[in-house]
Amino acid sequence: MNFLAPWYVPLAAAAVAVPPLVLLYFLKLRRREIPVPSTLLWRRAVEDLQVNSPFQRLRNNLLLILQLLILLAAIMAIAEPMLAGSAGEGQVYVLLMDQSASMGAMEGDGETRLDIAKDEARRFVDNLRADDRAMIIGFAERATVLCMLTGDKGALHRAIDNVVQTHGRTMLREAMRLAEAPSSLAGEVSDAQNPIRSARYVLFTDGRISDAEDVRVQRGTLEIIRVGTATENVGIVGLDVRRHYERPELLSVLARVRNFGARPVSRDLALLVDGTLRATQTIELDPLGAADELMNLERSDLETRREAGNEATAAFDLVLESAAEIEVRMSGEDALAVDDRVIAVATPPRPLSILLVTSGNRYLRMALAAMPAERFDVWSPREYEDAPEDALVKDGRCIYDVVVLDGHATDRLPPGSYMFFAASPLTEDVDLGAVTEQDVFLDWDDTHPILRHVPVQEMARTVVGWHEMTLPQYATSLIEATNGPVLGLLHGERHQYLLCAFGIFDESRTMLNAPWVIMDSGFVIFMYNAVRFLGGSSTSGAHPSVRPGQSFTVAARPNVTSVTVTRPDGGREDIPVRGIGLASYSRTDHVGIYRVATGIPGEDARAVNLLDDHESFIAPQRQFRIAAEDVTVTESVDPLNRPLWPYVLGALGLILLLEWIIYNKRIFV
Amino acid sequence: MATATKSSELLDPDFMHRLERLDIVSRRIFMGRMKGERRSKRKGQSVEFADYRNYVVGDDLRFLDWNIYGRLERLFLKLFFEEEDLHVNVLLDLSRSMDYGDPSKSLYVRRVAAAIAYIGLVKYNRVTLSPFSDRYGPEMSGVRGRRLIHQVLNFLTDLEPAGVGNMSAACRQFALRHPQRGVVVLLSDFMDKSGYETGLRYLVGRKYDLYAIQILSPAEIEPDLTGDLRLRDVEDDDLAEITVSRALINRYKQNLKAYCGGLQEFCSRRGAMYMFTSTAVPFDQLVLTYLRSKGLLR
């Protein structure tokens, strides 16, 4: 048997409690006064007893002895006696607290899963022995060390109290790295030399770990305490707010709703624009599966069951000629509330503007002139290079939504979208080599919006030659030939480049290099897709939704050094503006609107939404697989040390009962 | 606890009728003052023959036995027993400690006294009732004849327990006031902190035919106490703090037994009769059975 409390705690309690009890018993005993005919014989009896035994009062005073026993039992309970499950020196524990959105699911008793997990963690801490140490890490999209390795239970309790709900995904990898940091010493240190023994990692979660396959436990063992039983949830898992390409004042809102429970449901979706109700729709959803199979579903099952009637899309169309906050709310109550409401920040309608920089290309000019652009200009390369700054740049970005550069490589590239034919941006690490002819297209991504409905086969057949192109690692290759990428896409923080390795004309600009442009309507489709894709970031109708925990970036006015972010909970924070005029904010733990005082229209707010099938699927996972290995799962904390204090308290109660009986018995004491 | 007592509560008519058949027994023969119904130690003029003795000059010739003179020609004088009255004294302890129990010891004592007094009056004895507590009296002295029974009952009825018992002083007073011998019945609980010995010695020294009757309540014989108590003596407000335990109760009972045994031995050594009774014993049973078996009544 061990005691969790340090040795001096019961000793101090005994020193404080026992002497006063004995003193009180003898000095301040409240006696009943009873009249008797004579005290003559009583006095003699008392004197006789005291003469016979000096300790008679103590020996015969069973009540006092019982009270002392009660006190000793209470003191023993204070010492927290434990029946040790394992002997030996202190263990190191790392408590990993899941703070993700699904932990906010309400359970039957009115508590969230996080509340239950915190209770379990507190019990776990209470069970620690005096020489055990523990560390507490809270994690969701990111991980935070809430309490460093310590044996101070008070500090551990405070850290558990400080675990707050976030709306992020369950990402365990970073948390495990933090957890293993204290026991993984730098350099060549063997386990025997390591002063910190391998730890036991105790994960308090409901499961659904997004990156379970990437997690590695290198030192120690991982145990999982699973919390929660609720399964019924309906959530909005997708939101698309888009302006009509040709009529930008038309706004289309698509909300994808999915039922993750075991019962069919009917829900009303309401569309609110700046808080005003504009439209409602009712949707019917089938269950995702039977109640007993929900806990066994894997991540992949969510994808395969998408078409089974458990998902529906509500479409709203409205005319909106200004910026607005678009909100979709779902009626009804379920276990998880955070996915019942999504918000998007709709940008004002912005007609497309295109600039073609070419030394002469009627095919491109004709194709771009056919685009639904409000403004279409054609400049020569010299005009482009010589143009004054204000003719090209406004509010820190390019005036034109799309700039098509035909065979003109340049480094004058203010923030914006660019399409290069047989040329490359000089600011990026792109290398255009010699032209190779009669090569073969090997692979292409025809699911990409730029290549959708584009007959790439026809392109491959008719394009004569293209430059050997080397793209940086962050680029995406849309068409791959045997000698490298033919069509590449580069996303910068404020730039995007679509790079075509081929030109419309050959290098001498006398011969048509891509007869495709006149032989097939696919060129027009390609240009339409490309311009729409490149111009989409400014004309799509809304800023892309940000996931909780992800950072977002906004553009600030030139020469501004910091901007203020107002969080959904009302908190304010100043963030610095980097040299390129961008400010990034990463504390997006909660869903809602984050307002940024940038002073630029359309750049003053970002919406953070959950929009995650896996977080909305709240049914706890029955079997955990971390890095392809099954992990032991328990429903509640299995005490490492079996606490004995309840038994001590029980004994205390029995002694108390015995004392009561004896006290009330007529004569016998 | 003190309550007014009616005279009928002391003795009811039926019980008085049964008492009339009883007589007080004196183990000694005393000389009385007046003629009574009791054979005197003196030879006198009763009808009961006692003895013969030789005639000496000056004897009353009326008591010569002429028949014997006819046969033996010698003069013998016939002696007859003198019948005289008997002094019956009842000493009642009416200290505050007697006001205890249900029925209270004081009521019990007064009923016993009333019964003895009635028997004495019926038999033309001279009855004296002497209550005492911290002081002696006032007493009712020398009443004789059954017609005075109502005065006796009224006297007893009016008595109320009060004060701290002082037996030795009371016995001394009694012995001084009543030099004539007779039967003395002392009714008390004998729980006198100054001791009973001195008082009893006064009575024994006067050659009274002494009956000491100790009367205790059941609560004194078998205490019904529990817990931590502060006992207050009703007479002198003395406080004794006790924690009741089996050992203490046993020790108390042992002490009580030794105390009563000591009193009995003291009485026996000095020719006095000791009797012990509890107020739980019915009063009529005490008088008609117990006192007769002990020889006080016949």
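Helices here are DSSP runs of H or I with at least four residues, strands are runs of E with at least two, and both are numbered from the N terminus. On that count, chain A has 17 helices and 37 strands, and chain B has 10 helices and 10 strands.

A word on conventions. This is a predicted model, in which local features need pLDDT of at least 70 and side-chain atom pairs count only at pLDDT 80 or more, while totals for chains, interfaces and linings use all residues. Residues are numbered from 1 along each chain as its sequence is written, chains are lettered from A and ligands numbered from 1 in the order in which they are written, and side-chain values use heavy atoms, with hydrogens and water left out.

Confidence next. The model scores ipTM 0.79 and pTM 0.51. For pLDDT, the predictor's confidence in each residue from 0 to 100, chain A has a mean of 83, with 88% of its residues at 70 or more. Chain B has a mean of 83, and 87% of its residues reach 70 or more.

Now burial and contacts by chain. I call a residue buried under 20% relative accessible area, exposed over 50%, and partly exposed in between, using a 1.4 Å probe and protein chains only. Of the 669 residues in chain A, 50% are buried; of the 298 residues in chain B, 53% are buried. Contact means heavy atoms within 4.5 Å. Taking contacts between residues at least 6 apart in sequence, 70% of those in chain A join residues at least 24 apart. In chain B, with the cut-off again at least 6 apart, 75% join residues at least 24 apart.

On to helix packing. Two packed helices are described by the angle between their axes and the distance between the axes. The axes are lines fitted to C-alpha atoms, for helices over the stretch in contact, and angles run from 0 to 180 degrees between N-to-C directions. Angles under 35 degrees count as roughly parallel, over 145 as roughly antiparallel, 65 to 115 as roughly perpendicular, and the rest as oblique.

In chain B, look at helix 4, residues 105-122, and helix 5, residues 149-158: their axes come within 10 Å and cross at roughly 165°. Helix 4 and helix 5 of chain B are therefore roughly antiparallel to each other. The crossing is right-handed, where right-handed means that the near helix is turned clockwise from the far one by less than a right angle, and left-handed means anticlockwise. Which residues of helix 4 of chain B meet helix 5 of chain B? From helix 4 they are R110(B), A113(B), A114(B), A117(B), Y118(B) and L121(B), and they meet I149(B), V152(B), L153(B), L156(B) and T157(B) of helix 5. By class, this contact has nine nonpolar, one polar and one charged residues. For the classes, Ala, Val, Leu, Ile, Met, Phe, Trp, Tyr, Cys and Pro count as nonpolar, Asp, Glu, Lys and Arg as charged, and the others, Gly among them, as polar.

Chain A has a pair to set beside it. The axes of helix 5, residues 113-126, and helix 6, residues 153-161, of chain A come within 10 Å and cross at roughly 175°. Helix 5 and helix 6 of chain A are therefore also roughly antiparallel. Helix 5 contributes K118(A), A121(A), R122(A), V125(A) and D126(A), and helix 6 contributes K153(A), L156(A), H157(A), I160(A) and D161(A). Here the division is four nonpolar, one polar and five charged.

Some backbone points. The peptide bond from D102(B) to P103(B) is cis, with omega near 0°, and P103(B) sits in the loop between strand 3 (87-93) and helix 4 of chain B. D274(A) is not a glycine, yet its phi is positive, about 50°; D274(A) lies in the loop between strand 11 (265-273) and strand 12 (276-285) of chain A. L611(A), also a residue other than glycine, has a positive phi near 40°.

Last, L68(A), which lies in helix 4 of chain A, residues 62-78. L68(A) is partly exposed, at 22% relative accessible area. Not counting residues up to four places away in sequence, L68(A) touches V18(A), L21(A) and V22(A).
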